[in-house]
Amino acid sequence: SFDSMNMAPWILDLSKQINSEILGRLSWIGIPTSPEDASTDCNKKTYTFRLLDYACGEGAISRGIFDYINEAWGVDLSSRMVNSFNQRAAALDIPKRKRMFAVQGDLLAPSSPNSGNSFAGREWFEFDLAIMTMALHHVGSPEDAVKMLVSRVKVGRPVLLVDWIAGTAVGEEGTAAYNGHGKHAHEMMPGTHTVTRDGFTKNEMVRMLEEAGCVDVGFLEAEELSHLDLGETRMWRRLFFAKGVKGVQ
């Protein structure tokens, strides 16, 4: 499901790594660990487990966990990415009771001319999980992005942020290396053509999640380093997985 004409091999490897790490930590994140759990709660009432996949790209994360959820709602600034997400979703054999789709827009500036959706309707709130993968370092105000994600989930439900740990770039000779992102910024997240920072520390992520009203905040580092091939520069970096559960506001 990761093959893409537009993506460099190292980006495909990164997507696979992120999905593998997420699938290995379903209960830690707060994702039902069996497909049946996604449609029944502890009282055996049927409900729909809905994912908000922000800066969704072509949908690798949504597809990666789709067996464990009922609906994936993607949002991306890039209409090209949204089209690819929806084409890939259409190619899957999705049961009638499940949905996977994406729309073009900007949840951080829903009223801007670049946003194809106002996201004001009730259907754009009360998600069971919100995920933002490899995009937090592109936004001007990460704090606002975290608060926005928390505002979109139900009380007691998690948000998950995946990005680089600050200062973990190691070049080929084993020396610290960092030269921005070269090409990969718009390969992964077209429409967000700026890199605002190198990554985030554990303390920064914990602070942002707690300030956004989260409890049960957790921060895990990826077990393996990730390889980046930015043309003339090859380096290795470490991913983090930060989650918080929305507290009573």
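Strands β1 (residues 50–54) and β2 (residues 71–76) run parallel to each other and pair over five bridges; pairing here takes at least two DSSP bridges between two strands. Within this pair, L51 sits opposite A72 of β2. The model is predicted, so to speak of local features takes a pLDDT of at least 70 and to count side-chain atom pairs 80 or more, while totals for chains, interfaces and linings use all residues. Residues are numbered from 1 along each chain as its sequence is written, and side-chain values use heavy atoms, with hydrogens and water left out.

Zooming out, seven strands make up an open, mixed sheet in the order β3-β2-β1-β4-β5-β10-β7. From one strand to the next, the twist averages 15°.

Then there are the helices. Helix α5 (residues 142–151) packs with α7 at about 50°, their axes 9 Å apart; axes are lines fitted to C-alpha atoms, for helices over the stretch in contact, and angles run from 0 to 180 degrees between N-to-C directions. P142, E143, V146 and K147 of α5 meet R207, M208, L209 and E211 of α7, where contact means heavy atoms within 4.5 Å.

How values were computed:
Helices (H or I, at least four residues) and strands (E, at least two) are DSSP runs, numbered from the N terminus.
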